[in-house]
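Visitor: I would like to learn how to read this model, feature by feature. Where should we begin?

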Amino acid sequence: MATSSAISAYGAGTVRPITANIAAQWERTYTEDMADQERIVADHRIMGGVPCIRGTRIPAATVVGLIAQGATVDDVVADFPQLTVDDVRAALAFAASAITERQLPLRVPA
């Protein structure tokens with residue numbers, strides 16, 4: 001089992017370190033997800049590297065936050081006329097992709 005090997009390799013209750021391989025896999029997944037639309041960019045010269053909608057200074061987190069507060073996609077586009085429906089969907093896809101990968105500590109029952 002994968003969990004038993006992870007437990008024996010890292011010990012009970014420890015967090016697996018993020019290796020270069022895992023980081024490369026995440027980068028590949030992120031790049032492939034965004035390659036279709038390339039609407040979310042993180043450039044250190046724009047908003048200090050905060051992921052934004054391409055061609056704007058509107059952070060993806062702002063768009064996602066508005067949706068979380070109950071705004072519809074049409075509401076967001078009305079509030080930010082430079083955005084399109086596809087931009088809003090790309091921000092939501094970016095957020096989903098960002099929380100898909102996670103590292104959890106493994107615990108062994110006593």
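Guide: Begin with contacts: a contact means heavy atoms within 4.5 Å. In the protein chain, take the contacts with a separation of 6 or more: residues 24 or more positions apart account for 49% of them.

Visitor: What ground rules apply to the model and its numbering?

Guide: This is a predicted model, where local features need pLDDT of at least 70, side-chain atom pairs count only at pLDDT 80 or more, and totals for chains, interfaces and linings use all residues. Residues are numbered from 1 along each chain as its sequence is written, and side-chain values use heavy atoms, with hydrogens and water left out.

Visitor: How should I read pLDDT here?

Guide: pLDDT is the predictor's confidence in each residue, from 0 to 100. The protein chain has a mean pLDDT of 76, and 62% of its residues reach 70 or more. Over residues 1–16 the pLDDT is below 50, and this stretch has 21 contacts in the model beyond near neighbours in sequence. Where pLDDT is low, the predicted coordinates should not be read in detail.

Visitor: How many helices and strands are in the protein chain?

Guide: Helices (H or I, at least four residues) and strands (E, at least two) are DSSP runs, numbered from the N terminus. The protein chain has five helices and two strands. Along the sequence, the pattern reads α-α-β-β-α-α-α.

Visitor: What about surface and burial?

Guide: Accessible areas come from the Shrake-Rupley method with a 1.4 Å probe; for residues, only the protein chains shown count as cover. The accessible surface of the protein chain comes to about 7500 Å². Carbon and sulfur atoms hold 56% of that surface. For single residues, buried means under 20% relative accessible area, exposed over 50%, and partly exposed in between (1.4 Å probe, protein chains only). Of the 110 residues in the protein chain, 20% count as buried.

Visitor: How many salt bridges does the structure hold?

Guide: A salt bridge is a side-chain nitrogen of Lys or Arg within 4 Å of a carboxyl oxygen of Asp or Glu. The structure holds three. One joins the side chains of Arg-39 and Asp-86, at 3.7 Å from N to O. Arg-39 lies in the loop between α2 (20–35) and β1, and Asp-86 in helix α5 (residues 85–100), so the pair ties together parts 47 residues apart in sequence.

Visitor: Which other residue forms a salt bridge with Arg-39?

Guide: Asp-87 does, with the closest N and O atoms 2.8 Å apart. This pair also links distant parts of the chain, with Asp-87 in helix α5 and Arg-39 48 residues apart. Arg-39 is partly exposed at 24% relative accessible area, and Asp-86 is partly exposed at 39%. Asp-87 is buried at 8%.

Visitor: Where is Asp-43 found?

Guide: Asp-43 sits in the loop between β1 (40–41) and β2 (52–53). Its side chain meets that of Arg-45 in a salt bridge (2.8 Å, N to O). Arg-45 is exposed, with a relative accessible area of 63%, whereas Asp-43 counts as buried at 18%. Salt bridges that share partners join Arg-39, Asp-86 and Asp-87 into one network. Leaving out residues up to four places away in sequence, Asp-43 touches Gly-48 and Gly-49.

Visitor: How do I check the length of α5, and which of its residues are buried?

Guide: The expected span of a helix is 1.5 Å times one less than its number of residues. The 16 residues of α5 should therefore span 22 Å; the end C-alpha atoms are 23 Å apart, which agrees. The buried residues of α5 are Asp-87, Val-88, Ala-90, Ala-91, Phe-94 and Ser-97.
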